[in-house]
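Let's walk through this one together, a piece at a time. Have the viewer open and follow along as we go.

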Number of protein chains: 4
Amino acid sequence: MVKAAVIGATGYAGSELVRILSSHKDVELAYLASHSYQGKKFSDVYPAFYSKVDLPLMEDDIEKAADVSDVIFLSLPHGIASRMVTADILKEKVVIDLGADFRLKSIDEYKKWYGCEHYGQSLLPEAVYGLPEIHRKEIRGSHLIANPGCYTTCSILTLYPLVKHHLIKKESIIIDAKSGVSGAGRSEKTANLFCEVNESIKAYGVTTHRHTPEIEQELSLAAGEDVRLTFTPHLVPMQRGILSTCYASLADGVSALDVDDAYRDCYDGEPFVRLTPYIPETRYVRTTNFCDIAYKIDERTGRVIALGAIDNLVKGAAGQAVENMNIAFSLNETEALEAKGGI
Amino acid sequence: MVKAAVIGATGYAGSELVRILSSHKDVELAYLASHSYQGKKFSDVYPAFYSKVDLPLMEDDIEKAADVSDVIFLSLPHGIASRMVTADILKEKVVIDLGADFRLKSIDEYKKWYGCEHYGQSLLPEAVYGLPEIHRKEIRGSHLIANPGCYTTCSILTLYPLVKHHLIKKESIIIDAKSGVSGAGRSEKTANLFCEVNESIKAYGVTTHRHTPEIEQELSLAAGEDVRLTFTPHLVPMQRGILSTCYASLADGVSALDVDDAYRDCYDGEPFVRLTPYIPETRYVRTTNFCDIAYKIDERTGRVIALGAIDNLVKGAAGQAVENMNIAFSLNETEALEAKGGI
Amino acid sequence: MVKAAVIGATGYAGSELVRILSSHKDVELAYLASHSYQGKKFSDVYPAFYSKVDLPLMEDDIEKAADVSDVIFLSLPHGIASRMVTADILKEKVVIDLGADFRLKSIDEYKKWYGCEHYGQSLLPEAVYGLPEIHRKEIRGSHLIANPGCYTTCSILTLYPLVKHHLIKKESIIIDAKSGVSGAGRSEKTANLFCEVNESIKAYGVTTHRHTPEIEQELSLAAGEDVRLTFTPHLVPMQRGILSTCYASLADGVSALDVDDAYRDCYDGEPFVRLTPYIPETRYVRTTNFCDIAYKIDERTGRVIALGAIDNLVKGAAGQAVENMNIAFSLNETEALEAKGGI
Amino acid sequence: MVKAAVIGATGYAGSELVRILSSHKDVELAYLASHSYQGKKFSDVYPAFYSKVDLPLMEDDIEKAADVSDVIFLSLPHGIASRMVTADILKEKVVIDLGADFRLKSIDEYKKWYGCEHYGQSLLPEAVYGLPEIHRKEIRGSHLIANPGCYTTCSILTLYPLVKHHLIKKESIIIDAKSGVSGAGRSEKTANLFCEVNESIKAYGVTTHRHTPEIEQELSLAAGEDVRLTFTPHLVPMQRGILSTCYASLADGVSALDVDDAYRDCYDGEPFVRLTPYIPETRYVRTTNFCDIAYKIDERTGRVIALGAIDNLVKGAAGQAVENMNIAFSLNETEALEAKGGI
């Protein structure tokens with residue numbers, strides 16, 4: 001049995017981790033920590049788990065977590081994980097960070113987009129970007145896995161085959177993404193109240209959203225050259241789900257068949273990517289670890305429109321974190337993530 | 001022109017008041033106050049009103065409001081209005097309080113249900129309970145109008161004819177009420193976040209909700225004897241609307257015709273009560289000042305089931321407050337409240 | 001492996017059955033039938049299951065289903081199952097009917113409430129009412145299991161201990177129930193369109209809903225005498241979930257402890273009933289087979305208010321049907337129904 | 001008083017017309033027609049209007065409507081209006097068509113995108129495209145007004161200043177639009193059921209949506225040359241509202257100031273366009289005739305991102321139709337459309 005700790009267990013991503021891990025046959029929940037609810041039971045904060053996950057919520061102390069665990073999941077606001085993780089912990093334990101601190105390879109980019117110092121710079125070289133479809137091999141031996149962001153997981157997976165196979169003009173990429181409200185977290189902000197969110201849609205973080213450099217980093221890596229793109233997130237009155245509608249101009253001479261081949265080349269055999277004959281809807285992947293992808297070519301304008309859908313809390317956060325753990329610990333990659341379809 | 005002040009203008013009821021008053025042909029908005037947003041413009045907090053209601057948000061000081069206004073609407077948490085209002089202000093101005101402080105005639109009941117002292121005890125005798133269908137005459141000359149609660153408006157109007165005409169066994173009344181989330185106000189509580197409220201229904205305040213004594217007070221008055229009842233509110237994932245499903249056992253010998261006559265006797269000619277041939281749905285009255293009411297007799301059990309629907313922010317708060325102002329200032333009672341149907 | 005057929009696989013309850021059965025380790029999906037979509041694949045109608053449940057949709061012919069199956073689930077409008085099932089099929093196979101045809105013991109009641117003839121009268125004596133918490137023993141050997149209705153499951157479980165232990169006045173029961181929209185089925189009715197349902201709440205079937213006699217039948221059985229009650233269902237703008245708010249007057253001399261004892265007596269050890277210290281919310285049981293129950297005594301009126309919550313498609317339909325199958329086939333009762341909490 | 005007929009009065013756009021017209025001080029509702037509900041009263045189909053708009057629903061016969069009306073609003077599926085309208089009717093009456101039949105100037109484009117013949121070809125030259133911000137003068141004298149589509153109104157208004165002032169590369173335009181469900185109409189389709197739409201987002205009509213040529217027509221007119229663009233609509237789980245997120249590459253040398261000037265030049269003084277300092281949200285314009293617009297320049301990519309929001313049933317349909325009527329009949333352009341902000 002793998003002993004697991006979750007620090008930040010009462011946020012939306014953290015509680016989703018608890019849900020998934022509590023049904024994982026090879027895992028034992030060893031330590032749950034919560035800054036806001038320390039001293040309560042998990043089921044006091046999430047009564048849905050009454051009588052099923054009644055574990056106490058402990059101090060958010062990574063040392064104490066490490067004492068009793070093999071793997072430590074961190075689900076914290078940016079800037080905190082990088083202060084918590086130490087080289088000593090990484091020697092013996094696996095840390096999977098659901099936050100942003102270890103995702104960007106460039107400290108400068110981190111400072112520019114997050115507007116703060118980075119406190120774990122020395123550990124950054126050890127960090128692997130935990131997107132299994134692209135980095136599965138590195139994840140296998142890693143002790144520090146930077147779990148990708150929700151928008152980024154969806155957007156990168158949707159565009160990756162087009163970029164990697166050089167089928168699109170790299171300066172033409174526009175990502176128009178839509179997310180459910182759980183992506184905004186569980187903090188008490190007026191903007192997240194039911195009456196402020198329901199029956200409305202809005203864009204936010206226009207030109208400034210922090211997932212932009214993360215998408216650019218991975219697509220640049222795939223392209224073998226710098227990719228700069230426009231990314232616009234929107235808030236949709238639903239709880240879960242991300243849809244990325246991605247636009248790009250096809251490179252000269254690229255055919256529909258080339259596009260098909262690229263997607264199949266990248267995703268055939270992948271357990272959690274489904275290339276679908278229908279246009280994805282977020283409900284099709286709700287509560288699952290799937291990323292559904294489809295694309296259409298607009299002959300009139302020479303563009304390809306690729307659409308990807310995930311559950312932001314599963315493939316966009318907790319599910320992918322468990323997938324990464326499964327890989328890192330040589331468990332069955334799909335263990336605890338086997339749902340047949342969205343619900 | 002009646003000059004109007006709104007203290008507590010940025011809560012949900014307060015902003016609804018601003019909406020209605022800003023379209024009232026006989027009213028000029030003279031003073032908007034907000035504890036949390038003082039110094040901003042109203043449209044900074046409610047961008048829906050950009051370029052239309054750009055008034056500054058002032059200090060929540062009733063004296064300053066009174067200096068420039070004829071009517072002062074108070075939309076504040078309980079316990080505050082009773083400290084603000086003074087006998088001097090009431091001499092010259094009309095105060096319409098949307099909070100609970102002046103609704104209960106009994107100080108003991110107030111202390112028991114609200115768990116705090118009452119600071120305006122000396123003014124209480126002047127207060128009129130502002131439910132026009134029952135107290136229109138007293139409202140006309142009043143300078144202190146206690147605007148009824150949302151659940152109470154709906155529940156009292158739905159049961160009033162049955163109680164007044166002694167058609168039901170008074171100890172048999174059960175009110176099962178359902179409200180949209182705006183009734184919980186605009187405060188930053190985890191419980192009101194979109195992801196906590198959406199896709200779920202719950203009861204709350206079971207046996208302890210503060211609207212209970214208010215309903216009992218008015219129905220006791222109508223019955224001419226003490227009425228004690230069970231009231232259970234529920235939270236529904238929608239923004240606006242209250243539905244009160246009211247149950248009572250018919251008194252011996254009461255017929256369906258008696259019930260019809262009672263409702264018609266009470267509400268024929270009332271501009272905002274519609275006795276409908278269909279079972280009310282809250283959407284039928286959304287954004288209007290209507291209270292739609294229907295009832296059915298359950299021959300199998302000898303019960304009458306009466307259902308009422310209102311918009312909690314309009315007939316349940318701001319709309320009724322404006323109706324009370326219209327009456328108090330001898331304006332057309334329906335002015336600014338003429339919507340033909342729910343939206 | 002138990003071979004399972006689902007007739008009516010593309011309705012909401014039917015597709016939920018497919019979901020649960022497709023993850024059941026002791027079950028093989030042998031036959032899916034759909035009246036409307038025969039010839040398509042299941043995943044054509046429910047793309048959420050793309051590449052996971054691609055089975056063809058066959059003719060809704062119970063003989064053909066029986067040829068290849070051990071258990072046949074029927075998820076059909078009332079009046080159809082009773083014509084399909086035959087004594088021959090019941091000799092060798094187990095039929096679990098999610099519809100209403102075999103629930104009521106009294107043909108007269110069936111005719112009165114459903115307004116149609118009953119075509120399976122001769123089989124009715126064989127039918128067991130499939131509520132495991134009450135009829136587990138009979139279910140074990142049965143070949144014809146009448147799976148309870150959604151409102152009825154929730155309402156009966158919530159009231160059963162009070163009635164069985166004679167703690168309430170039996171003529172005082174009122175059930176005010178609230179359901180998500182999936183309870184209305186997947187038929188193309190204007191009333192179920194998003195824009196007709198969203199942002200509103202309504203009562204329907206007031207005094208006439210067909211789940212009334214079913215609740216009365218089971219509670220009468222528990223009481224040992226006839227129980228007649230008032231049941232009012234409401235439609236809530238959410239997809240899944242039922243909340244039953246049940247009211248009754250306590251019998252003379254009954255204490256809070258008596259009530260506690262009754263509930264514990266009935267439900268201690270039950271895998272799917274949770275007596276909770278909090279007031280149930282439907283989200284706590286969403287997608288699970290739990291029925292969460294709590295109660296409060298209103299000293300002021302001498303009433304008990306008991307609240308129960310289920311997922312109408314799981315414990316209220318497909319989950320309970322699988323639970324019944326598990327019992328009938330001597331499998332682990334909780335197999336495929338082990339979710340730790342609502343999602 | 002202008003006497004008004006609405007043919008197609010029970011669809012979502014038609015009923016919104018009835019709502020607005022019933023509060024219009026210069027209009028008398030003279031004839032309401034409904035194909036599906038002929039013989040009923042309007043308030044039977046829309047009980048929200050009980051006792052307020054109880055007019056009978058007549059045959060959908062334009063001649064009969066013309067006999068008693070000055071203006072005839074047609075709110076019908078495409079292909080029907082063009083068969084109904086005649087030159088004779090246009091001689092004496094004003095027809096405002098909310099459908100698509102008279103919007104496209106090119107019969108070929110109509111055939112290509114709508115896949116059917118056009119039956120009113122001879123009247124097409126008379127038709128004016130009813131977008132007041134661009135065609136106010138032509139609307140004034142017109143007898144046949146083609147009311148723009150919902151997506152098109154929002155998208156054209158958002159992009160018009162950029163195109164007209166040649167500030168963007170015309171081949172770079174991408175419109176990613178999001179709509180509430182009322183845009184799909186009131187027809188009984190499985191896809192529009194609450195449970196199919198709620199808690200999900202999807203794209204549809206990718207590369208093929210019929211509003212594409214309409215947007216291109218008007219922007220080409222503004223540009224003085226052919227504009228070809230990509231338009232992708234999405235369905236959002238809300239009732240009303242459209243948000244158009246529009247992307248384009250700035251032409252060489254264009255500054256932020258140039259963009260500001262262009263928007264002000266086009267919209268200063270316009271009663272229903274608000275250039276807002278905040279990013280638009282659809283709730284800010286809900287139930288109003290406003291189009292809120294903002295834009296941001298992405299220095300990193302040289303793009304401008306312009307966002308527009310409307311209520312699809314008001315500025316996107318019925319409200320704009322009334323605005324067109326107000327102009328055509330020389331009434332106050334804002335009459336019956338004066339709401340101060342979204343609700």
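First, some housekeeping. This is a predicted model, where local features need pLDDT of at least 70 and side-chain atom pairs count only at pLDDT 80 or more, while totals for chains, interfaces and linings use all residues. Residues are numbered from 1 along each chain as its sequence is written, chains are lettered from A and ligands numbered from 1 in the order in which they are written, and side-chain values use heavy atoms, with hydrogens and water left out.

Start with chain B. Here you'll find an open sheet of seven strands with parallel pairing, in the order S3-S2-S1-S4-S5-S7-S6. Strand S3 (57-58) and strand S6 (128-129) of chain B sit at the edges with a single partner strand each, so one side of each has no neighbour in the sheet. (Strands are DSSP runs of E, at least two residues, and helices are runs of H or I, at least four, both numbered from the N terminus; two strands pair if DSSP finds at least two bridges between them.) For one pairing, look at strand S1 (residues 2-7) and strand S2 (residues 27-33) of chain B, which run parallel over six bridges. Within that pair, Val2(B) stands opposite Val27(B) in S2(B).

Now hop over to chain C and find Ser69(C), in the loop between helix H3 (62-68) and strand S4 (71-74). Is Ser69(C) buried or exposed? With 1% relative accessibility, Ser69(C) counts as buried, where buried means under 20% relative accessible area, exposed over 50%, and partly exposed in between (1.4 Å probe, protein chains only). Leaving out residues up to four places away in sequence, Ser69(C) touches Lys3(C), Ala4(C), Ala5(C), Ala30(C), Tyr31(C) and Lys93(C); contact means heavy atoms within 4.5 Å. Ala30(C) is 39 residues from Ser69(C) in sequence, yet the C-alpha atoms are 6.2 Å apart.

Next, see where chains B and C meet. Each side is made up of 47 residues: 47 residues from chain C and 47 residues from chain B. The area buried between them is about 4000 Å², with carbon and sulfur atoms giving 53%; buried area is the accessible area (1.4 Å probe) that two parts lose on being put together, summed over both. Glu199(C), Ile201(C) and Arg300(C) supply 19% of what chain C buries against chain B, more than any other three residues. Between the two chains there are ten salt bridges, a salt bridge being a side-chain nitrogen of Lys or Arg within 4 Å of a carboxyl oxygen of Asp or Glu. To see a salt bridge between side chains, go to Asp176(B) and Lys178(C), at 3.0 Å, N to O.

Over all chains, the structure holds 92 salt bridges. In chain B, the side chains of Arg103(B) and Glu214(B) meet at 3.2 Å, N to O. Arg103(B) is in the loop between strand S5 (94-97) and helix H6 (107-114) and Glu214(B) is in helix H10 (residues 211-223), so this pair ties together parts that are 111 residues apart in sequence. Arg103(B) counts as buried at 6% relative accessibility, and Glu214(B) counts as buried at 1%.
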